[in-house]
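Okay, everyone, thanks for coming. Let me put the structure up on the screen, and then I'll walk you through a few parts of it.

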Amino acid sequence: MVGKPLASIVSVGISKFGKRDGVYARELFAEAAKEAFERCPNLDPKHDIQALIVGHMGESYEHQGHTGPTLADWAGLTPKAAIRTEAACSSSGVALRIGIFAVLSGLYDTVMVGGVEKMTHRTTADATEFLAMASDYPFEQWNGATFPSLFALMATAHMHKYGTTEEQMARVAVKNHKHGSLNAKAHMQKEITLEQALNSRVVAWPLKLFDCSLITDGASCVVVTKPDVAKKFTDTPVHIVGSGQASGSIGLYEREDFTTLDAARLAANEAYDMAGLKPSDVDVSEVHDCFTIAEIIAYEDLGFCERGKGGKLVEEGVTALGGRLPVNTSGGLKSKGHPVGATGTAQACEMFLQLTGQAERRQVDGAQIGLAHNVGGSGATATVHIFRRG
Amino acid sequence: MTTLSNESFTIESFYRYVGEGKLMAAKCNKCGKVMLPPRPVCPKCFSKDMKWVELKPRGRLLTYTVIHVSPKQFESLVPYPLGIIRLEDGTQFVGMIRGVEQKDLKVGMPLIVDFEKASSGKPSEQTNWPAWPRYYFKPA
């Protein structure tokens, strides 16, 4: 029995992801919001949208805090309530959950949920430092840890425990670049070869450049309503039928097992239970491939395969377009790009497009059930959402 | 009876001990949990009744990486290894590994915790980071 919808998505918007010189985060967000408004002619934004909930990670990039009302202003939504959520790379996964709470509570009928980050105008060293702020400061950052290095610690552990290989990780990159080449909004729309990935320079051994997602500028948003008003806006809504979130230790070093994210497993279980669905019911998913090893661990944490078998799953082509369970059809964080605050709702956008048959060249035929897995930091936050075609 | 106030079970106190060449953890007098880093309230049983315990600075490497792209404060050190160790008492800790080539790093290898005699002033001199003394891991 599939659970009843918690909330419904009636429109989505996503800016072009990439190196967007000369624009501010608020301008990127206005671009995404405008697309969501245009996609849904029955929506009167100033009348229907009652609040804005936006994920945004860092003030440091643009010396701009107080981003909730800033983004509402540029999206044309002032004076509606504007709420910012911050949970590192899962800032807008959390925003989506808050958006669900907002309509479930009965306080609002319709809200906009989104996220944004403007990153590429800063140096790689600066971006590396700002991103590292999502890890533990007095022990991890203090000892020179970076985000690639924290996921590299997981990769080394996964290789040691399960025999996962650098080649299997590289195959995640090759797959996601192929998917991204089919997405006009993706940052890098070009395919790469296995050799290119394996021979790219080391960032944090065993992770190389092509194991890492992209530093990207971008914004995304979804319009969330109560299920019983969704049909007022569109004949093809997408229902959110499961939502899970959990926390893990801020320091990776405290965890019992570095080959899994407890928070992601807990969030997945919560979402599956709420939806009355199991992993084998999922037709298409977007998972948090901030690093290639993270996608392999995600397969296992989401129950797409047994623990330790994630490398095999990508090797066998199961998760590629045309495979049994396509993962990251948008190109993922790896190729579409990872403007950290925008990522969670960008995943929800892709699920909306897939489940309404609008994913163009990357469409998974007949997809009914979608899943989005969004991780903050090294797994101190994880959200999982499950979507059903309306 | 504790001789130190609860406020003392802090990260600042931990680094003060590092400056004395000691790896100190908090131990909960109620449930026995050993906390590295120390915490003012036990996350397991919520007790504030703590005592300091000195940990044996020996452990084994659980996992490691070698960092080639770093924040600017650490650029003079690249490439540098970072690892997580399990100490003999069962707690886990993260730190840089010194004095070992990448090819000789192995999961499971024994490591000891060592301490700089005094704060080197680096890398915090370029930033507003605290000038804490440093601990690090090295081959046993």
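So, the contact between the chains: 27 residues come from chain A and 25 residues from chain B. By contact I mean that the C-beta atoms of two residues, placed from the backbone, lie within 7 Å. This is a predicted model, so local features need pLDDT of at least 70 and side-chain atom pairs count only at pLDDT 80 or more, while totals for chains, interfaces and linings use all residues. Residues are numbered from 1 along each chain as its sequence is written, and chains are lettered from A and ligands numbered from 1 in the order in which they are written.

On the side of chain A that touches chain B, α5 (124-132), α6 (147-162) and β5 (202-205) of chain A each supply at least two residues. The largest share, seven residues, is from α6(A). Helices (H or I, at least four residues) and strands (E, at least two) are DSSP runs, numbered from the N terminus. By type, this side of chain A has 15 nonpolar, nine polar and three charged residues. Here Ala, Val, Leu, Ile, Met, Phe, Trp, Tyr, Cys and Pro count as nonpolar, Asp, Glu, Lys and Arg as charged, and the others, Gly among them, as polar.

Strands pair if DSSP finds at least two bridges between them. In this pair, A:Ala204 sits opposite B:Ile67.

Next, A:Lys118, in the loop between β4 (110-117) and α5 of chain A. Is A:Lys118 buried or exposed? It counts as buried, because it has 26 C-beta neighbours inside 10 Å. The cut-offs, with C-beta atoms placed from the backbone: 20 or more others within 10 Å is buried, 12 or fewer is exposed, and in between is partly exposed. Beyond four places in sequence, its contacts include A:Tyr24, A:Glu62 and A:Asp217. The C-alpha atoms of A:Lys118 and A:Pro339 are 6.7 Å apart, though 221 residues separate them along the chain.

Last stop, strand β10 (residues 369-376) of chain A. Eight of its eight residues are buried, so β10(A) is largely enclosed by the rest of the structure. On one side it pairs with β9 (residues 284-286) of chain A, parallel, over three bridges. It also pairs antiparallel with β11 (residues 381-389) of chain A, over eight bridges, with A:Leu371 opposite A:Ile386.
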